[in-house]
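Work through the exercises below with the sequence and the 3D structure in view. Try each task before reading its solution.

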Amino acid sequence: MEPDFRGDADHHDGTSDATPGGYADSRRPGELVFTILLTIGSGALLWNAYGIAGFEALSSPGAIPMATAAVMLISSIIILVKTARLKLVANETMSKDILPWLVIVMFVLLVAFGIALKPLGFIPTAAIFLILSMKLMARRSWPVTLLIALGSLVVIWLIFRIVFTVLLPAGIVPEAEFIQYFRDLFSAGGDA
């Protein structure tokens with residue numbers, strides 16, 4: 001990326017800062033930590049691949065996973081060395097440019113969604129997630145947020161549960177009883 005393309009004047013103007021190549025002679029905040037984690041992960045994958053069958057022969061079950069993990073490890077070490085030699089970009093911070101608070105909050109909401117899905121069920125968990133995430137990101141009034149979130153939830157539920165008959169975690173909402181009630185209601189109306 002050209003050095004005069006970025007800077008405080010055009011910083012966060014809505015354009016993407018993920019241009020291939022990034023900064024040619026410097027690294028962004030968090031980049032070194034990411035490459036270290038990538039190297040550790042590649043090493044762990046190589047160790048696990050070795051645990052499949054050891055290094056007995058090229059035709060052993062672990063040969064392809066070990067070769068793939070070895071290429072990953074070698075590549076990540078090369079990237080780590082190159083990244084460690086670069087100087088840090090002066091006008092960017094981790095909290096403002098790379099991992100802002102909204103990204104962290106959305107990550108926490110997604111993890112909470114996954115944890116609460118089984119005990120609470122799809123409908124209340126998805127309702128809470130959609131309401132909170134839409135309120136945080138759109139910053140609209142509560143009536144608008146509730147209308148859009150709950151309306152979206154009804155559409156999602158109808159498509160997946162009724163049209164495609166996907167079994168969603170029921171949890172605390174007696175979903176099957178509601179479906180049976182409406183089936184009985186419509187079938188009774190059709191018999192009369």
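Axes are lines fitted to C-alpha atoms, for helices over the stretch in contact, and angles between N-to-C directions run from 0 to 180 degrees. Helices (H or I, at least four residues) and strands (E, at least two) are DSSP runs, numbered from the N terminus. The model is predicted: local features need pLDDT of at least 70, side-chain atom pairs count only at pLDDT 80 or more, and totals for chains, interfaces and linings use all residues. Residues are numbered from 1 along each chain as its sequence is written, and side-chain values use heavy atoms, with hydrogens and water left out.

**Exercise 1. Describe how helix H4 and helix H5 are arranged and which residues join them.**

Step 1. Helix H4 covers residues 101-120 and helix H5 residues 122-138; their axes come within 8 Å and cross at roughly 170°.

Step 2. Angles under 35 degrees count as roughly parallel, over 145 as roughly antiparallel, 65 to 115 as roughly perpendicular and the rest as oblique. H4 and H5 are therefore roughly antiparallel to each other.

Step 3. Contact means heavy atoms within 4.5 Å. On the H4 side the contact includes Trp101, Leu109, Phe113 and Leu120, and on the H5 side it includes Phe122, Thr125, Phe129 and Leu136.

Step 4. Sort the contact by class (Ala, Val, Leu, Ile, Met, Phe, Trp, Tyr, Cys and Pro are nonpolar; Asp, Glu, Lys and Arg are charged; the others, Gly among them, are polar). The contact of H4 with H5 has 17 nonpolar, two polar and no charged residues.

**Exercise 2. Is Leu109 buried or exposed, and which residues does Leu109 touch?**

Step 1. Buried means under 20% relative accessible area, exposed over 50%, and partly exposed in between (1.4 Å probe, protein chains only). Leu109, in helix H4, has 15% relative accessibility and so counts as buried.

Step 2. Not counting residues up to four places away in sequence, Leu109 touches Phe129, Leu132, Ser133 and Leu136.

Step 3. The C-alpha atoms of Leu109 and Leu130 are 21 residues apart along the chain and separated by 9.6 Å.

**Exercise 3. How is the aromatic pair of Trp47 and Tyr50 classified?**

Step 1. Rings of Phe, Tyr and Trp (its six-membered ring) pair if their centres lie within 6.5 Å; planes under 30 degrees apart count as stacked, over 60 as edge-to-face and the rest as tilted.

Step 2. The structure holds three aromatic pairs. One of them, Trp47 with Tyr50, is tilted, at 6.3 Å centre to centre and 35° between the planes.

Step 3. Both residues lie in helix H1 (residues 31-53), three residues apart, about one turn of the helix. Trp47 counts as exposed at 63% relative accessibility, and Tyr50 as partly exposed at 44%.

**Exercise 4. How many helices and strands does the chain have, and in what pattern?**

Step 1. The chain has seven helices and two strands.

Step 2. Along the sequence the pattern is β-α-α-β-α-α-α-α-α.

Step 3. Of the 192 residues of the chain, 25% count as buried.
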